[in-house]
Amino acid sequence: MAVLEIKKYPDNILRIKAEPVRKIDSTILSLIDDMTETMYAAPGVGLAATQVGVSLRIMVVDVGLKEEGSGLIVLINPEIISVHGEIEEEEGCLSVPDYKAQIKRAEIITVRGLNKEGREIEIESTSLLARVIQHEIDHLNGVLIIDRMSPIKRELFKKKFRKVLKLMAH
């Protein structure tokens, strides 16, 4: 297992819609292990394959430190099949470090995908788990939290980000 580099905004890989996994083999299982180790090391509660530079529809989630009764969830080719309600809460992202924003998401979701054994699973979730799953599926679709902000807030973020890049260049 290895800790992988987490790609940061504005890396182009973060904008690519990931491809479905066709076959779960040793390479995919190794990637899942590395993603899991990377997520815990970050530390984060979710990670999508695109965030480590791999354009495949794989995500790992563990909100266990924040919510009782949760553990590691691996979803391959996840798709949200139902949503209910709406809630707005603060959200951060490992690919947009040191930045948080109020993001609207569905309050309750049902997601379907494959586990790492290749069996189809369906998960109904609320609160943080629902938020993290939606966030990671956004990554698999090339969408970042800044895309979910109002146009004014997005421009403010980009302006601040350009300043930080200038400072780092000197």
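Start by selecting helix α1: its buried residues are Ile-28, Leu-31, Ile-32, Asp-34, Met-35, Thr-36, Thr-38 and Met-39. Here, buried means under 20% relative accessible area, with exposed over 50% and partly exposed in between (1.4 Å probe, protein chains only). Helices (H or I, at least four residues) and strands (E, at least two) are DSSP runs, numbered from the N terminus.

A word on what you're looking at: this is a predicted model, where local features need pLDDT of at least 70, side-chain atom pairs count only at pLDDT 80 or more, and totals for chains, interfaces and linings use all residues. Residues are numbered from 1 along each chain as its sequence is written, and side-chain values use heavy atoms, leaving out hydrogens and water.

Next, show the whole sheet. It is open, with five strands in the order β1-β2-β3-β6-β7 and antiparallel pairing; two strands pair if DSSP finds at least two bridges between them. Strands of a sheet pair through backbone hydrogen bonds, either parallel or antiparallel. Which strands sit at the edges? Click on β1 (46–48) and β7 (120–126), each of which pairs on one side only.

Zoom in on β2 (residues 58–61) and β3 (residues 73–84), antiparallel strands joined by four bridges. Pick Met-59 and look for its bridge partner in β3, Leu-75. Bring α1 back: α1 touches β1, β2 and β3, and its direction makes about 40° with that of β2. Such angles run from 0 to 180 degrees between N-to-C directions, and the axes are lines fitted to C-alpha atoms, for helices over the stretch in contact.

Select helix α2 (residues 127–140) too. Helix α2 lies across β1, β2, β3, β6 (108–114) and β7, running at about 155° to β2.

Last stop: the aromatic rings. Select Tyr-9, Tyr-99, Phe-157 and Phe-161, which form one aromatic cluster. Rings of Phe, Tyr and Trp (its six-membered ring) pair if their centres lie within 6.5 Å; planes under 30 degrees apart count as stacked, over 60 as edge-to-face and the rest as tilted. That rule gives four aromatic pairs. Why is the pair of Tyr-9 and Phe-161 edge-to-face? Their ring centres are 4.8 Å apart and their planes sit at 70°, so the pair gets that label. Tyr-9 lies in the segment before α1 (26–41) and Phe-161 in helix α3 (residues 151–169), 152 residues apart, so to speak a link between distant parts of the chain. Both residues, Tyr-9 and Phe-161, are buried.

Definitions and conventions. Contact means heavy atoms within 4.5 Å.
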